[in-house]
Amino acid sequence: MTDFSRIKIAPSILSADFARLGEQVKEAEEAGADYIHFDVMDGMFVPNITVGPLVLEALKRVTDVPMDVHLMIEDPDRYLEEFARAGASVIMVHYEAVKHLHRTVQRITALGCRAGVVLNPATPISLLEDILPYLSRVLIMSVNPGFGGQSYIESSTGKVRRMREMANRLNPQLEIEVDGGAKGNNIREIAEAGADVIVAGSAVFNKEETVAQAMAKLREVLI
Ligand code: DX5
Ligand code: ZN
């Protein structure tokens with residue numbers, strides 16, 4: 001039986017109105033966001049470009065919600081210190097973007113942040129066997145990174161389930177997060193598969209409803 005009350009929701013700022021980002025983050029906080037998912041893109045690792053440590057630092061001045069920093073950038077080691085200083089709680093790097101993952105994870109931890117590793121849809125979880133005991137978080141991409149509003153890749157649910165089994169064996173404390181295409185119609189199955197944190201971008205920030213309404217709808221499904 002899945003205890004849905006333990007599921008955390010992390011609204012992704014990628015779909016927010018950037019002209020009033022602070023307000024949108026406040027709205028998410030008031031609606032009960034457990035994390036703010038902060039998507040960093042460099043135009044190299046992924047085609048898009050978004051925001052960096054300066055914006056993170058500015059948002060930390062308006063919210064106490066922990067910042068979940070998803071680095072979609074090449075060679076993320078270059079910026080770990082800046083993101084830690086800017087107020088990141090969790091720093092997540094892509095497996096595909098790092099050469100010496102163990103060293104990178106150690107550096108994130110030494111900077112006082114929780115360390116996470118992200119897997120693209122085509123990257124197998126078996127590659128994490130040796131690093132798993134050192135991680136607080138694994139982020140399973142359920143879309144190809146780069147854009148909000150894409151459709152959930154169905155095979156991700158099975159991947160989350162296998163990730164949970166592996167974590168039970170090697171690191172039972174591990175938090176599993178799922179990112180991409182999460183909506184009211186699939187978050188229950190994602191949670192049942194073993195996710196602890198679910199990212200929601202366009203499901204939370206959209207033109208059809210307020211952030212409070214959108215968050216309430218997602219929570220309703222998780223009962
Ligand atoms: C995609 C980003 C996601 C994105 C999710 O590259 O990493 O965090 O904001 O957006 P939705 O929930 O709309 O798929
Ligand atoms: Zn993300």
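Guide: Start with D75, which is partly exposed at a relative accessible area of 38%. The model is predicted.

Visitor: Why is D75 called partly exposed?

Guide: Its relative accessible area is 38%. Buried means under 20% and exposed means over 50%. The 38% of D75 falls in between, so D75 is partly exposed.

Visitor: Where is D75 in the fold, and what marks its backbone?

Guide: D75 sits in the loop between β3 and α3 (80–86). Its phi is near 45°, a positive value in a residue other than glycine.

Visitor: What makes N120 buried?

Guide: N120 has 15% relative accessibility. Buried means under 20%. Therefore N120 counts as buried. It lies in the loop between β5 (114–119) and β6 (137–141).

Visitor: How do you know that N120 and H94 make a polar contact?

Guide: The contact joins the two side chains, at 3.5 Å. The limit for a pair of N or O atoms is within 3.5 Å, and one must be able to donate a hydrogen and the other to accept it. The pair of N120 and H94 is counted as a polar contact on those terms.

Visitor: What class does A182 get, and why?

Guide: A182 shows 5% relative accessibility. That is under 20%, so A182 counts as buried. A182 is found in the loop between β7 (175–179) and α6. From R6, 176 residues apart along the chain, it is separated by 17 Å, C-alpha to C-alpha.

Visitor: Why is E189 called partly exposed?

Guide: E189 has 30% relative accessibility. Under 20% would be buried and over 50% exposed, so E189 is partly exposed. Its place is helix α6 (residues 187–193). T157 is 32 residues apart from E189 along the chain, and their C-alpha atoms are separated by 7.3 Å.

Visitor: And what is the case for G43?

Guide: G43 has a relative accessible area of 30%. This lies between the 20% and 50% cut-offs, so G43 is partly exposed. The residue is in the loop between β2 and α2 (53–60). G43 and M72 are 29 residues apart in sequence, with 8.9 Å between their C-alpha atoms.

Visitor: Now the ligand. Which residues are closest to ligand 1?

Guide: The closest are S12, D39, G146, D179 and S202, out of 20 residues that surround ligand 1.

Visitor: How much of ligand 1 does the protein bury?

Guide: Taken alone, ligand 1 exposes 380 Å², and the protein buries 100% of that. The space taken by ligand 1 is the largest cavity.

Visitor: Which elements give two or more residues to the shell around ligand 1?

Guide: They are β2 (36–41), β3 (67–72) and β8 (197–200). The largest share, three residues, comes from β2. By class, the shell has eight nonpolar, 10 polar and two charged residues.

Key. Residues are numbered from 1 along each chain as its sequence is written. Chains are lettered from A and ligands numbered from 1 in the order in which they are written. This is a predicted model: local features need pLDDT of at least 70, side-chain atom pairs count only at pLDDT 80 or more; totals for chains, interfaces and linings use all residues. Side-chain values use heavy atoms; hydrogens and water are left out. A residue is near a molecule or strand if one of its heavy atoms lies within 4 Å of it. Accessible areas come from the Shrake-Rupley method with a 1.4 Å probe; for residues, only the protein chains shown count as cover. On a 1 Å grid over the protein atoms alone, a cavity is a set of points where a 1.4 Å probe fits but cannot get out, and a pocket is an open set with protein on both sides within 12 Å along at least five of seven lines; lining residues have an atom within 4 Å of a point. A molecule sits in a cavity or pocket if more than half of its atoms lie within 2 Å of its grid points. Helices (H or I, at least four residues) and strands (E, at least two) are DSSP runs, numbered from the N terminus. Ala, Val, Leu, Ile, Met, Phe, Trp, Tyr, Cys and Pro count as nonpolar, Asp, Glu, Lys and Arg as charged, and the others, Gly among them, as polar. Buried means under 20% relative accessible area, exposed over 50%, partly exposed in between (1.4 Å probe, protein chains only).
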